Amino acid sequence: MKELFKNFEFYNPYYLALLVLVPILAIWLYKTRYKQTATLKLPATDGFGNFKTLKNRILPLLAVFLLLSTTLIGVGIARPRTVDVTTKTKKTKGVDIMLAVDVSASMLAQDLKPNRLKALKKTAVNFIKKRPNDRFGLVLYSGEAFTQVPITSDKRIVMNAIRKINFNQLFQQLEQGTAIGMGLATAVNRLKDSKAKSKIIILMTDGVNNTGEIDPNTALELAKEFGIKVYTIGLGTNGYARTPVSIDPAGRFHFENAKVEIDEKLLKKIAEETGGEYFRATDNKKLQQIYKHIDKLEKTEIIEKKYYNYEELYRPLVLGAILLIFIVGLLRYTWLKSFI
């Protein structure tokens, strides 16, 4: 029953107020009935037989027909109808987002739990899951940079690549250090030809630029030239953190408290000059809040169009009312004319 009336409505519902005339008309017809019908008072009717002729039986139906026609007119002019709504959505070209992740040895520092890299991996995957309409890519860098995943709409590939970031494997492949300029330039190179509405790089690091063939300021100018917005995130608490300082022949890291050094001045400059923002993630909660903030700032526009198909139901009601009024008039002024 609920589904039956789900798409039902009245275009002019205020006309339903006219239905209050129905009981008023009923009372009026009842009170005037005896004035319209001739009566004869007799001391007894036993000798006259049964007076319930056909005309006697049909006469009350005239009042019923009038009341019913009034009801149909009241409901009809309120215009009952059903509505079939079809919704079509159209996505814009969306947002292309390249994640540039620092994978230098200091990303194993334990000021974020269990360490910076693992905290970042978990948060980045959750961020991607919440943005189904965008494309993503992944760049990894330490002393050099390479594209792990080019820009793609297949988010499973990107999320799996992030989950599989293995520092021990990367340690054998990459030159050590922090080449922020290389990481940024590589991400820019992957986005420069994008036709997306917005092109964004989220650059994450926990150190200072100390190596690499491309200066960060040169990479910054490239980002500006191609209209790429850069959000920068400095990972690490203020003060000291347990950081790997050496590695033994078995490949095990030795940790000591070391001062956290992040080139915030550079990261702020990159963000401000490209129209992005700089954030400092000093713990896991703060890192999650940063990604939520970026998610709110960069939204893919969805255009939604609704098409309404109406089926009017008032016509049979009005036609029914007209038919009843015609029957009442026909009977009243022909067959029942002498009786009323």
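Biologist: Leaving aside its neighbours within four places in sequence, which residues is Leu 99 in contact with?

Modeller: In this predicted model, Leu 99 is in contact with Ala 124, Ile 128, Gly 137, Leu 138, Val 139, Ile 162, Ile 202 and Met 204, once neighbours within four places in sequence are set aside.

Biologist: And which residues have the most contacts inside the largest nonpolar core?

Modeller: They are Leu 99, Val 101, Ile 202, Met 204, Ile 233, Leu 235 and Tyr 291, in a core of 39 residues. Elements giving two or more residues to this core include β3 (95–102), β6 (198–205), β7 (229–235) and α9 (284–297).

Biologist: Which element gives the largest share of this core?

Modeller: Helix α3 does, with seven residues. There is also a second, separate core of 29 residues, which includes Met 98, Ile 180, Ala 187 and Val 188.

Biologist: Let us turn to α6. How many of its residues are buried?

Modeller: In α6, 10 of the 12 residues are buried. Among them are Ile 180, Ala 187, Val 188 and Leu 191. The helix covers residues 180–191 and reaches 17 Å from its first C-alpha to its last, close to the expected 16 Å.

Biologist: What does Pro 216 touch, leaving aside neighbours within four places in sequence?

Modeller: Pro 216 is in contact with Gly 181, Leu 184, Asn 209 and Leu 266. Both Gly 181 and Leu 184 are on the list of buried residues of α6.

Biologist: Is Pro 216 buried or exposed?

Modeller: Pro 216 counts as buried because its relative accessible area is 5%, and the cut-off for buried is under 20%.

Biologist: Where does Thr 178 lie?

Modeller: Thr 178 is in the loop between α5 (167–173) and α6. Thr 178 is buried, also with a relative accessible area of 5%. Beyond four places in sequence, its contacts include Asp 102, Tyr 141, Thr 205 and Asn 209.

Biologist: Now charges. Which side chain meets that of Glu 312 in a salt bridge?

Modeller: The side chain of Arg 81 does, at 3.9 Å, N to O. Glu 312 lies in strand β11 and Arg 81 in strand β2, so the pair ties together parts that are 231 residues apart in sequence. Glu 312 is buried at 19% relative accessibility, and Arg 81 is buried at 8%.

Biologist: What about Arg 131, with which side chain does it meet in a salt bridge?

Modeller: The partner of Arg 131 is Asp 295, at 2.7 Å, N to O. This pair links the loop between α3 and β4 with helix α9, 164 residues apart. Arg 131 is buried at 3%, and Asp 295 is buried at 13%.

Biologist: Is Arg 156 buried or exposed?

Modeller: Arg 156 is exposed, at 61% relative accessibility. Its salt bridge is with Asp 154, the closest N and O atoms being 3.5 Å apart, and Asp 154 is partly exposed at 25%.

Biologist: Finally, which residues form the nonpolar patch on the surface?

Modeller: The patch includes Tyr 14, Tyr 15, Leu 18, Ile 73 and Ile 325, and its residues together have about 820 Å² of accessible area. Helices α1 (21–36) and α2 (54–77) each supply at least two residues. Leu 18 is in the loop between β1 (8–10) and α1 and is partly exposed at 37%.

Key: Residues are numbered from 1 along each chain as its sequence is written. This is a predicted model: local features need pLDDT of at least 70, side-chain atom pairs count only at pLDDT 80 or more; totals for chains, interfaces and linings use all residues. Side-chain values use heavy atoms; hydrogens and water are left out. Helices (H or I, at least four residues) and strands (E, at least two) are DSSP runs, numbered from the N terminus. The expected span of a helix is 1.5 Å times one less than its number of residues. Buried means under 20% relative accessible area, exposed over 50%, partly exposed in between (1.4 Å probe, protein chains only). Patches are made of residues with over 30% relative accessible area and no salt bridge: like charges are joined within 9 Å, nonpolar side chains (Val, Leu, Ile, Met, Phe, Trp, Tyr) within 5 Å. Accessible areas come from the Shrake-Rupley method with a 1.4 Å probe; for residues, only the protein chains shown count as cover. A salt bridge is a side-chain nitrogen of Lys or Arg within 4 Å of a carboxyl oxygen of Asp or Glu. A nonpolar core is a set of buried Ala, Val, Leu, Ile, Met, Phe, Trp, Tyr and Cys residues joined through side-chain atoms within 4.5 Å. Contact means heavy atoms within 4.5 Å.
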